[in-house]
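Student: I have a structure open and would like to know where its labels come from. Could we go through them together?
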Amino acid sequence: MMRSIPRAQTIKKNAHRNLRFGWWSLLVFLSLGGALETLHGFKIGWYVDVGNETRRLMFTLAHAHGTLLALINIAAGLTVRKVDRFELRPSVSFALIWAAILLPAGFFLGGIVIYDGDPGLGVWLVPVGAILLFYSVARIALDLSKIK
Amino acid sequence: MPTLSRTQCHGLFVITAIAGAGALTLISLRDFQRESQSPKDRPIRSQIAGYVTSNACRACHPGNYASWHASFHRTMTQVAAPSSLPANMDQLELAFNGIEYKVERRHDAFFVHKRREGASYSDGQQIVLVTGSHTLQVPWLETGQGRTLEQFPFAYIVAEKMWAPVSQTFLMPPDLKEYYSIGAWNGACMDCHVTQGQSRFVQGNTWDSQVAEFGIACEACHSEGAEHIALNRNPIRRFKIHLTTKSDPTMTNPSRLKGPGSGLACGQCHSVWAFNNMTDKIDFNRHGASFRPGQHDLAQRFVVQPSTVDHSDQKDFIRRTEPDFFGNRFWGDGMIRVTGREFNGVQASPCFRGGEFSCISCHEMHLDTPDHADVKTWARTGQLKPKMDSNAACLQCHKDMNARLVAHTHHPADSSGSSCYNCHMPRTTFGLLHAMRSHQVSSPSVKESITYGRPNACNLCHLDQTLAWTAQKLHDWYSQPIPELSPDDQTIAAGIQWIVKGDAGQRVLLAWGLGWEPAQKIAGRDWLYPYLIYSLTDPYAAVRFDAWKSLQTLPGFQNFSFNYTGTDRLLSDAAARAYEKWLHEVRDPNAVYRPETLLDSNGRWQQDIFQRLRTERDDKRIFLAE
């Protein structure tokens with residue numbers, strides 16, 4: 001009993017952290033979407049020129065992945081609150097947050113310097129983020145499946 | 001009848017939908033296979049070893065692909081389609097040299113019917129290819145002999161939106177009515193108007209021609225891309241290359257090369273070249289060019305320079321077998337005089353000997369620099385790098401000249417006389433119905449005009465000045481010796497001598513040059529009218545065309561209509577109409593004409609001198625083999 005209270009608090013704290021992160025992250029990446037629309041609106045060559053197609057793709061992917069991963073973080077936090085006996089492991093909470101940082105950041109950084117059809121070196125963050133995302137989603141799915 | 005449950009109904013609906021979709025897929029697959037069969041009556045795109053086409057380059061090089069796509073290199077040869085042919089082709093009816101032509105459209109295909117005047121129309125020959133898209137477009141017809149093509153005898157002049165006999169779009173003697181014979185596209189044009197063409201002669205006049213890609217595509221300048229693509233599927237390899245300054249060894253990038261290595265990428269087509277021997281010619285015909293960009297010679301071929309000592313046996317052979325070969329392409333001192341062969345000029349330039357200078361010193365094949373706003377303008381203006389239409393081009397190397405520009409040119413700094421191009425690259429080459437800048441960097445001299453007949457840069461601007469005037473200026477400013485000059489050279493404007501008594505090659509340069517704005521500003525416009533009107537009846541169609549276009553640059557004649565391909569009677573009537581209009585409506589009664597222009601105060605020629613010049617016209621046959 002003595003140990004379950006801190007554990008429950010930790011789990012709640014993790015879930016709250018993912019929720020909080022998710023909403024802030026959503027704000028950041030929706031803002032990025034607005035910025036990209038502005039670049040489109042003013043036809044900024046650095047972004048819309050056909051020679052910068054790779055940059056446009058990378059920034060679009062950064063926006064899409066950042067937004068989606070923000071929603072996944074929110075969903076994970078809400079799942080803890082909604083599903084009895086479901087626990088968001090600290091490693092999963094950590095992996096989800098870092099996936100939501102590394103994946104879009106990789107795309108974004110990869111779009112700043114481009115080599116024709118290739119993104120810049122920053123794009124190598126993407127597979128790291130993808131592994132973290134895959135781990136966390138798989139872990140949540142498995143843990144939910146174990147609950148009777 | 002048994003009733004179906006709700007689930008069964010859903011199942012039946014799903015099965016029916018899948019079956020329907022499957023049937024539609026099979027139908028579209030059949031259509032796709034039918035469309036993907038190669039046509040038998042024209043040259044085709046084929047799997048030529050190592051070549052992958054621009055489609056494969058596009059994914060990784062979207063910017064370069066886009067700028068190439070906007071260029072006229074891409075559309076140098078296209079498969080005939082409503083989008084690649086001039087508008088309203090299906091309403092076209094033309095006649096030339098006793099034959100009438102009628103174009104008929106069937107769906108997206110166009111067929112040409114011919115008949116001798118009074119006879120019935122033949123079965124249609126399909127228009128299968130079209131070359132050009134910038135200045136002139138020439139359609140090509142199937143012949144029924146394999147993939148051999150026949151030229152449609154008319155070319156579409158894009159700027160004028162008009163059709164003209166092909167023979168009247170070249171500077172060629174008026175009695176020549178045909179330029180390209182059947183099979184000429186396969187045997188000659190495709191050497192340069194496609195990417196890695198293989199003419200593949202069969203027998204008689206039958207060809208089985210194949211190309212890696214129609215038009216001048218990526219691999220024409222960068223060499224074949226299969227290995228490059230295969231190796232660069234590995235992202236680690238790609239990033240290793242990105243992070244170093246080294247070029248990818250699987251691909252040539254001419255923009256990273258200098259001098260001949262870079263220049264020959266363009267020069268493989270933009271030069272007068274010939275085969276080393278018959279074996280190489282057969283090999284080229286069968287397998288295509290073995291030259292690859294980056295190499296320092298053309299392999300089976302060589303760049304023909306009449307004044308150099310290389311390939312003397314081959315050049316002697318050319319002189320014996322085709323005596324007019326050099327005269328049709330070069331001035332007497334070996335300077336190239338036809339357009340499209342600019343590398344001959346570049347190679348012969350003193351700048352080229354430095355080892356750095358090449359085509360890409362001033363031109364760029366892709367919009368690498370962000371200063372360009374409009375890709376279409378860039379494509380239409382010679383694909384020049386930013387500011388390369390100014391003195392900045394020469395100042396890249398001749399940096400000290402900026403500080404002593406006026407001392408060197410003896411002209412105001414902001415005047416056309418201080419433009420490096422105007423003095424050192426004057427418009428002494430001709431092709432596609434207009435004069436173009438020589439790409440052989442040279443200094444103006446009177447000697448070049450007297451000895452070789454080439455209009456010098458000074459008098460191409462100072463049209464109203466004599467050769468004696470120019471000789472004196474060049475002597476005073478640059479210590480050039482004053483050559484022996486004829487009485488006409490001392491009293492009659494050089495421009496007038498060239499346009500009245502010059503040969504057709506000189507006349508056409510002047511017919512264009514009289515419409516050149518910087519020259520008009522310097523030499524005045526008032527006296528140009530009668531000479532341009534006179535040239536409307538020149539025996540050479542190209543001279544008439546340029547005289548017409550130059551006349552349209554003058555006040556009062558902007559909308560002057562003229563059919564430069566008309567009969568002698570029509571030409572004379574049009575010239576008479578134009579002369580009357582000038583004399584009575586346009587001419588400034590207060591205009592003062594310099595005596596060198598041979599016009600009196602009423603704007604009438606000094607007939608005795610003018611008639612003498614006319615009778616002295618050099619009527620030697622001129623054919624510029626662009």
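Student: In which sense do strand β3 and strand β4 of chain B pair, and over how many bridges?

Tutor: A word first: this is a predicted model. In it, β3 (residues 93-96) and β4 (residues 99-106) of chain B pair in the antiparallel sense, over four bridges. Two strands are said to pair when there are at least two bridges between them, so four bridges are enough for the name.

Student: What is the bridge partner of Leu94(B) in β4(B)?

Tutor: Tyr101(B) is the bridge partner of Leu94(B). Now look at the hairpin of β3(B) and β4(B): two residues lie between the strands, and Asn97(B) has a positive phi near 55°.

Student: What makes β1 and β11 of chain B edge strands?

Tutor: Start with the order of the strands. The open sheet has three strands in chain B, ordered β1-β14-β11, and its pairing is mixed. Both β1 (44-45) and β11 (194-198) stand at the edges because each has a single partner strand, which leaves one side of each without a neighbour in the sheet.

Student: How do you know that β1(B) and β14(B) count as a pair?

Tutor: By the bridges again. β1(B) and β14 (residues 210-214) of chain B are joined over two bridges, in the parallel sense. The rule asks for at least two, so the pair qualifies. As a landmark, Arg45(B) stands opposite Val211(B) in β14(B).

Student: Why is Gly263(B) called buried?

Tutor: Gly263(B) has 26 C-beta neighbours inside 10 Å. The cut-off for buried is 20 or more, so Gly263(B) counts as buried. You will find Gly263(B) in helix α8 (residues 259-267) of chain B.

Student: Which residues does Gly263(B) touch, leaving out those up to four places away in sequence?

Tutor: Gly263(B) touches Phe343(B), Val346(B), Gln347(B), Ser358(B) and Cys359(B). Phe352(B) is 89 residues from Gly263(B) along the chain, and their C-alpha atoms are separated by 9.6 Å.

Student: How is the packing of helices α23 and α24 of chain B described?

Tutor: Two packed helices are described by the angle between their axes and the distance between the axes. For α23 (residues 528-535) and α24 (residues 541-551) of chain B, the angle is about 145° and the axes are 8 Å apart. Their crossing is left-handed.

Student: Which residues of α23(B) and α24(B) meet?

Tutor: From α23(B) come Leu532(B), Ile533(B) and Ser535(B), and they meet Val543(B), Arg544(B), Ala547(B), Ser550(B) and Leu551(B) of α24(B). By class, that contact has five nonpolar, two polar and one charged residues.

Student: How many domains is chain B divided into, and where are they?

Tutor: Chain B is divided into domain 1 (54-211), domain 2 (256-384) and domain 3 (457-615). The centres of domain 2 and domain 3 of chain B, taken over C-alpha atoms, are 33 Å apart.

Student: And which elements make up chain A?

Tutor: Chain A has five helices and two strands, which run α-α-α-α-β-β-α from the N terminus on. Its 148 residues are 34% buried.

Student: How many residues does each chain bring to the contact between chain A and chain B?

Tutor: Nine residues come from chain A and 11 residues from chain B. On the side of chain A that touches chain B, three residues are nonpolar, three polar and three charged.

Notes
Residues are numbered from 1 along each chain as its sequence is written. Chains are lettered from A and ligands numbered from 1 in the order in which they are written. This is a predicted model: local features need pLDDT of at least 70, side-chain atom pairs count only at pLDDT 80 or more; totals for chains, interfaces and linings use all residues. Two residues are in contact if their C-beta atoms, placed from the backbone, lie within 7 Å. Ala, Val, Leu, Ile, Met, Phe, Trp, Tyr, Cys and Pro count as nonpolar, Asp, Glu, Lys and Arg as charged, and the others, Gly among them, as polar. Axes are lines fitted to C-alpha atoms, for helices over the stretch in contact, and angles run from 0 to 180 degrees between N-to-C directions. A crossing is left-handed if the near helix is turned anticlockwise from the far one by less than a right angle, and right-handed if clockwise. Domain bounds come from an automatic or database domain assignment. A residue is buried if 20 or more other C-beta atoms lie within 10 Å of its own, exposed if 12 or fewer, and partly exposed in between; C-beta atoms are placed from the backbone.
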